[in-house]
Amino acid sequence: MHMRALDYGREGRRLPVDLKGGAVFHCGPIVRKMDDGGWKVVAAGPTTSSRMNSMEPEFIERFGVRAIIGKGGMSKSTVDAMAKHGCVYLAITGGAAVLAAEGIAEVKGVEWLDLGMPEALWIFLARGFGPLTVAIAAHGNSLYDAVDAEVTKNVAEVKKRLGLP
Amino acid sequence: MTKTKLLEDVTVNLLRTASTSLPDDVLAALRKAEAEETSEIARTQLRTILSNVDVADRHSVPMCQDTGLPLFFVTGRCIPRLEEAIRRGVSRATAEIPLRPNVVNPLTRANPGDNLGKGMPHIHFHPTEADYTEITAMPKGAGSENMSFIAMLTPSQGRNGVKAAILKAVVSAGGYPCPPTIVGVGIGGTADEAMLIAKHSLLRRLDLPNPEPDLNALEIELTEALNATGIGPMGLGGRTTVLGVRIEEASTHVASLPVAVCLQCWAARKASARVYKDGRVEYSREGFA
């Protein structure tokens, strides 16, 4: 979805949906087509956000999203773009796909299905969606950085414990 | 019912069971982890996982949207047209359960929509003298699989080199493989054998010790060490980074020491079936060992 959206943006084409002020959820959902032509979300946990690292800073800048929902965090350039444009990163529990699906009240539509179900642009109406943890705040504070620092300290201890240099 | 149709049905049943419910030993380990966590963030992740697993099981829907790649380990008697039956089963399972269409061409990314492709389903077959055919489905997602690791050590790096490689693999993976993970380790063989046995090691239940005392001690030592890193559930910090370590060895070349790490996410999905000559089928989520 990201790659095509950026192509549209660079070519001056309008996206099928206005993302300004909205949220992007890094997710390749399982969605079932209903008899009435509508869609029902079966499972919708997050995918690894770092896969979008190279595209996210430009995405945030071009389309004005205010929240990115995913798992695992994102690169420094993305975190910088978040701080610059006022965007947060919300971590949702990886693999908790059924609970996440319960928080999606309605599938308002889908675009770019030619990319395949996991990669299409799904438009969801969320209600009670979560649980969400603010992992990267809009001013750049990152829970992942904090954990990294802790882990680095701990690993030095662990190496001693294992008898490693 | 023809044998092929029976095997096709078995395949669908295995994929449904594996995708919608967790083996008892994995559930027990996750519950224990939740009870032992002291940080609110870590407890929330584990509580959410357990709640999600419960709902998925009750409604028989996949617990994670990444229903993985169709991977199968088969041992025992060789059955004609087994691959054909498994392929049909995977295609049906994709439509019925449903599974997410995950299988694509690696370069063009074309998605046929039925989880069939070149070398997919992946079936590893090891023939034995048993009077049954044992089929294990291990639908494994990309989050964990993308964190696979291999190091071709020199023999002089020895045991410490092996420990260092495993530590490096888990620490650099961080939160990406959806911890708490099960760490599959393959030591020895060739590069591909090491990776294969690392993945195969994930079939042994968490509450069953390694039959070799030396490797068992190493599994316990590494589990404690990896949990001491503090990576925690989802890499958000906490006391449980791994649910266990599983090691398999293979004899190797005098000049080689391959070490492979295959991480299994918390959604450690698998299911097994034994198909007898008379058409009788036994199922087990935890494995027959």
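Predicted model: local features only at pLDDT ≥ 70, side-chain atom pairs only at ≥ 80, totals over all residues.
Reader: Which residues of α1(A) and α2(A) meet?

Author: From α1(A) come His2(A), Ala5(A), Leu6(A) and Gly9(A), and these meet Glu58(A), Phe59(A) and Arg62(A) of α2(A). By kind, the residues of this contact divide into 3 nonpolar, 2 polar and 2 charged.

Reader: How do you know that the reach of helix α8 of chain B is close to the one expected?

Author: Helix α8(B), residues 213-227, has 15 residues. The expected span is 1.5 Å times one less than the number of residues, which for α8(B) is 21 Å. From its first C-alpha to its last, the helix reaches 21 Å, so the value is close to the expected one.

Reader: Why are residues such as Leu218(B) and Leu222(B) called buried?

Author: A residue is buried if 20 or more other C-beta atoms lie within 10 Å of its own. Leu218(B) and Leu222(B) are among the buried residues of α8(B), which also include Glu219(B) and Asn227(B). The buried residues of α8(B) pack against α6, β5 and β6 of chain B, and against α5 of chain A.

Reader: How many residues of chain B are in contact with chain A?

Author: In chain B, 39 residues are in contact with 39 residues of chain A. Helix α3(B) gives the most to this side of chain B, with 9 residues.

Conventions:
Residues numbered from 1 in each chain as written. Chains lettered and ligands numbered in written order. Helix = DSSP H or I, 4+ residues; strand = E, 2+ residues; numbered from the N terminus. Buried ≥ 20, exposed ≤ 12 C-beta atoms within 10 Å, placed from the backbone. Contact = placed C-beta atoms within 7 Å. Nonpolar A, V, L, I, M, F, W, Y, C, P; charged D, E, K, R; others polar.
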